[in-house]
Amino acid sequence: MKRNIFRGLGIALITPFTKEGEVDYVALRRLLDYQLSNGIDFLCILATTGETPCLSAEERQRVKDLVVEKVQGKIPILMGCGGNNTYEVVNTLKTADLSGIDGILSVCPYYNKPSQEGLYQHFKAIANATQLPVVLYNVPGRVGVNMTAETTLRLANDCENIVAIKEASGNFTQIDDIIKNKPNNFDVISGDDGITFPLITLGAVGVISVIGNALPQEFGRMVRLALNGDYQNALTIHHQFTELFKLLFVDGNPAGVKAMLNGMGLIENELRLPLVPARITTFGEISAIVKELNIKY
């Protein structure tokens, strides 16, 4: 029986681009060095924050290979593999080079708006197509459909290698229902930085984080304090970041965190259309909060 190894601070890794619009592999190596030196627990690559829909198949493969080479097994790697074409996702899992990958993150199908039975059958087919652990990803704000607690629990009980869900519905009642009734070999991971602290108090085991791209040490400390039951000190850090959580998403993700990383000198402030960089006013507000917090890079 597979167990979830994706706990603590996971990073939803961005994909840096050059000013010419190409994937910046030099900056990617630099960013990975920064993450590994700041004690993150796992990486989540080629998912939403990585602008994966805007990468070619060749670029996705090269990013995957570079990350695997750089990490060298030091921490687990979770890789995005989802879509709204079940046949295509299953075929990818059966034919792609997944060497060095420790698990798959699969998002609810977008645009099609399947029923709950459709969601169940979709993820069951994905689970049957791979021996790797599968982490479900429920993010109704992006995909247009919410996977209910009932469907999540049904998958958790019926599919041995479905080991966790990244929950970004923002529905505390639903998430608490999953945590309360889930089997022991299934976990809930926060998919939203801003509610990670309260979700951990309910029983979530960690987060797949956007802000962690820029602040892995500081946000990681909050996560670990909360996981260790030191809620008061964790809450203090959580409240320090409240405004920053909002600003990072006001111009879309990953525009905010890329602006932040650019200010740190780690990457160019470049995104691929249809996404565009954060507004100058947003960048200024982010910089002011970081300065006020006295965070040293």
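User: Let me start with charged side chains. How many salt bridges does a search of the whole structure find?

Analyst: Keep the general idea in mind: a salt bridge pairs a side-chain nitrogen of Lys or Arg with a carboxyl oxygen of Asp or Glu, within 4 Å. In this predicted model, the search of the whole structure gives 11 salt bridges.

User: Which residue meets Arg 272 in a salt bridge?

Analyst: Glu 59 does, with 2.8 Å from N to O. Now look at where the two sit. Arg 272 is in the loop between helix 12 (255-263) and helix 13 (280-293), while Glu 59 is in helix 2 (residues 57-71), so the pair ties together parts that are 213 residues apart in sequence.

User: Are Arg 272 and Glu 59 buried or exposed?

Analyst: Read the relative accessible area. Buried means under 20%. Arg 272 has 15%, so this residue is buried. Glu 59 has 12%, so it is buried too.

User: Which residues are linked in a network of salt bridges?

Analyst: Lys 64, Asp 65 and Asp 97 are. Take one link of that network. Lys 64 and Asp 65 meet through their side chains at 3.4 Å, N to O. Lys 64 is buried, with 2% relative accessibility. Asp 65 is partly exposed, at 34%.

User: On to cysteines. How many disulfides does a search of the whole structure find?

Analyst: To read a disulfide, check the distance between two cysteine sulfur atoms: the cut-off is 2.5 Å. The search here finds zero disulfides. Cys 54 is one example: its nearest cysteine sulfur belongs to Cys 44 and is 17 Å away. Cys 54 is partly exposed, with a relative accessible area of 25%.

User: Which element gives the most to the lining of the largest pocket?

Analyst: Helix 2 does, with four residues. Several elements each supply at least two residues of that lining, including strand 3 (77-80), helix 3 (86-95), strand 4 (103-107) and helix 5 (140-143).

User: What is the volume of the largest cavity?

Analyst: About 50 Å³. The search of the whole structure finds one cavity of 30 Å³ or more. Residues lining the largest cavity include Leu 13, Ile 14, Leu 28, Ile 45 and Val 63. Leu 46 is also in this lining, and Leu 46 is among the residues nearest the centre of the largest pocket.

User: Now single residues. Which residues does Gly 103 touch?

Analyst: Find its element before its partners. Gly 103 is in strand 4. It is buried, at 0% relative accessibility. Setting aside residues up to four places away in sequence, it touches Phe 6, Ile 77, Leu 78, Met 79, Leu 132 and Pro 133. Compare sequence with space: Arg 7 is 96 residues from Gly 103 along the chain, and their C-alpha atoms are separated by 12 Å.

User: One last residue. With which side chain does the side chain of Asn 253 make a polar contact?

Analyst: With that of Thr 49, at 2.9 Å. Asn 253 lies in the loop between helix 11 (242-247) and helix 12. Asn 253 is buried, at 9%. Neighbours within four places in sequence aside, Asn 253 is in contact with Thr 49, Arg 142, Val 210 and Leu 275.

Methods:
Residues are numbered from 1 along each chain as its sequence is written. This is a predicted model: local features need pLDDT of at least 70, side-chain atom pairs count only at pLDDT 80 or more; totals for chains, interfaces and linings use all residues. Side-chain values use heavy atoms; hydrogens and water are left out. Buried means under 20% relative accessible area, exposed over 50%, partly exposed in between (1.4 Å probe, protein chains only). A polar contact is a pair of N or O atoms within 3.5 Å; within protein, one must be able to donate a hydrogen and the other to accept it, and residues adjacent in sequence count only if both atoms are side-chain atoms. Contact means heavy atoms within 4.5 Å. On a 1 Å grid over the protein atoms alone, a cavity is a set of points where a 1.4 Å probe fits but cannot get out, and a pocket is an open set with protein on both sides within 12 Å along at least five of seven lines; lining residues have an atom within 4 Å of a point. Grid points are joined across faces, edges and corners, and a volume is the space filled by probe spheres set on the points.
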